[in-house]
2 protein chains.
Amino acid sequence: MSAKNLRVVLARPLSSGVPSAEDFRLAEAPVPEPREGEFLVRHVYLSLDPYQRPAMAGRHGGGHGPLGAGDMPSAETVGQVVKSRHPAFPEGAWVRHFGGWQAFSVSDGTQAYLVDPRRAPLSAYLGVLGMPGLTAWASAVRLADVKAGQTVLVSAAAGPVGATFGQIAMQRGARAVGIAGSDEKCALVTGTYRFSACLNYKQPGFADALRAAAGEGFDVYHDNVGGPMLVDALKVLRNYGTVVLCGMMAEYNTAPEERSFCFPMALPVLKRAVLKGLVVYDFEPQRDAFFAEVAPWVASGAIRVAEDRAEGLALAGAHFGRLMRGENVGKALVVVGPE
Amino acid sequence: MSAKNLRVVLARPLSSGVPSAEDFRLAEAPVPEPREGEFLVRHVYLSLDPYQRPAMAGRHGGGHGPLGAGDMPSAETVGQVVKSRHPAFPEGAWVRHFGGWQAFSVSDGTQAYLVDPRRAPLSAYLGVLGMPGLTAWASAVRLADVKAGQTVLVSAAAGPVGATFGQIAMQRGARAVGIAGSDEKCALVTGTYRFSACLNYKQPGFADALRAAAGEGFDVYHDNVGGPMLVDALKVLRNYGTVVLCGMMAEYNTAPEERSFCFPMALPVLKRAVLKGLVVYDFEPQRDAFFAEVAPWVASGAIRVAEDRAEGLALAGAHFGRLMRGENVGKALVVVGPE
């Protein structure tokens, strides 16, 4: 191939602060050549997710150190195999793997699996049927075991994890209440996602509205953000309620030594709460069970997740900045090339 | 009765700081007269426990506000009924109730129950068979469900909750490791209580010693202290391990606005930990099951808890100060009168 491989790299190290477009730049490299046991993928969609922020700073569970200027962030991609020397991933096959912020990548099959565009839209494999969906399913089904008649609360409810968590809970007969950062997001949560209620935490009176929505107290809180909102949510949890600790959006942009928030550990004791840490990678072996349960709901429209797309890799940095400022509405994606 | 009722009251409000003898003073009042449905108890033992500290400052789950100068602290007592107008608590009966820091009290039976000095020493009803023992049992048996082959870690291991927790875990086939604040306490933990190991957290090299004792990681940590030691313990917890959040000794002497410790909530997520808040009052309805399981172990000597006694109410304040400075070795008691 004579084509160039367009990629997005860091313009400077990002130890702390909210990234913006200027923190990234475009770069070119030769399209790589697959060796025996490898295959080349042309990316169609690139997933932007909050966890990529601490990874850029080297703050994540196991893995590489901080990225420097010129380094490319890792990310999930969906794309098509265009050249293959790997029997399980033939030319023409569609594949989800960690292709990174670029147009092409070579894989040896590690953390890669085939996806079927006839069973669901390709981009869904990065959202409701991808890692965000698996996260939500692991929380609602495996860790919290949401039951009919319960009321669940979820933060970042307009995003793909929160949206899927609430809708799976509703499929199990629970009532879902969301928290989001704008009235536009809340309209999505109660409209498209059909939650019972959504509270804009930036509105005055949020704490009172949350207490009112809690009734006798929430049975389950899925925590996507950490920080002070975890305290707000614990205050309206019923005694013996469950909290799934999952996302730490409130801490992703700051180095540990800059964090001023102090969690009052006496609060979960007084609430007799059960707090469970969730790391989605643990549930990879259960991906088939997840897919078998959730894919039919997606196909039937029982579960919906809105997308917020940017067209072209040149916009990836700016789009990631919007995500980290909470300005996206729905699952953040970059369209890298045509289906 | 013409006798005077000796009591210990606060000399000044205790909003923050470690109490000492000068913060308390003796006072006298008439011995109260039981009315219909009440009984008068002559106290023999008075229990001193860490939870009494936040209660003095009004920082506890539900109950009275801060105590002022002249107010008497609440506490569990064991004593004998000396005058009764209550059919369930006849004269001569032995009773445990919340009699407070004084020589006599009147009760209407609220939170009171009869104890049998033939089944266990009277003072045990304030320790291994009292609220500390119930706390340890609820943690090991009900919340953590300790299993044979596991390794458990407990802080404040020389105290009655830690000692009983570790020994119940050992009765269930687990290996127990304790943390305590002096070599003398650790000698008690490995000697009298027969834990596999005890680490003095005030010794240099504590973190390394804890890592070495952890092996593949602790399955369960019973947390009596909160604060930085909870972080140390989480670091050596195995993935998917359980933490029972119970005591907050590290925070009992400080007002919330004075606390400088910030708990890193990302740590339990990375550990996939399950954190469970324990409030012992929830387990009062299971007191019979607790007693049936633990009393035989106490009678046979399979479970032992050392006592640290002060003779006479005049020493109660000083003894409480020793407890809050961690200078007691074993269950802190005041001998109020003869058996």
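The crossing of α2(B) and α3(B) is right-handed, a crossing being right-handed if the near helix is turned clockwise from the far one by less than a right angle, and left-handed if anticlockwise. The model is predicted, so that local features need pLDDT of at least 70 and side-chain atom pairs count only at pLDDT 80 or more, whereas totals for chains, interfaces and linings use all residues. Residues are numbered from 1 along each chain as its sequence is written, and chains are lettered from A in the order in which they are written.

**Helix pair in chain B**
- Helix α2 (residues 131-143) and helix α3 (residues 160-171) of chain B pack at an angle of about 40° with their axes 8 Å apart, the axes being lines fitted to C-alpha atoms over the stretch in contact and the angles running from 0 to 180 degrees between N-to-C directions.
- That angle makes α2(B) oblique to α3(B), since angles under 35 degrees count as roughly parallel, over 145 as roughly antiparallel, 65 to 115 as roughly perpendicular and the rest as oblique.
- Among the residues that make the contact are B:Trp137 and B:Val141 of α2(B), together with B:Phe165 and B:Ile168 of α3(B); contact requires C-beta atoms, placed from the backbone, to lie within 7 Å.
- By class, this contact of α2(B) with α3(B) has 10 nonpolar, four polar and no charged residues, where Ala, Val, Leu, Ile, Met, Phe, Trp, Tyr, Cys and Pro count as nonpolar, Asp, Glu, Lys and Arg as charged, and the others, Gly among them, as polar.

**Helix pair in chain A**
- The axes of α2 (residues 131-143) and α3 (residues 160-171) of chain A come within 8 Å and cross at roughly 40°, and the two helices are therefore oblique to each other.
- α2(A) passes α3(A) in a right-handed crossing.

**Buried side of α4(B)**
- In helix α4 (residues 183-190) of chain B, the buried residues are B:Lys185, B:Cys186, B:Leu188 and B:Val189; a residue is buried if 20 or more other C-beta atoms lie within 10 Å of its own, exposed if 12 or fewer, and partly exposed in between.
- These residues cover an arc of only 155° around the axis, which puts them on the same side of α4(B).
- What covers them includes β9 (175-180) and β10 (197-200) of chain B.

**Surroundings of A:Asp108**
- A:Asp108 lies in the loop between β6 (104-107) and β7 (113-114) of chain A, and with 16 C-beta neighbours inside 10 Å it counts as partly exposed.
- Leaving aside neighbours within four places in sequence, A:Asp108 is in contact with A:Gly37 and A:Glu38.

Terms used. Helix = DSSP H or I, 4+ residues; strand = E, 2+ residues; numbered from the N terminus. Arc of directions from axis to C-beta. Contact = placed C-beta atoms within 7 Å.
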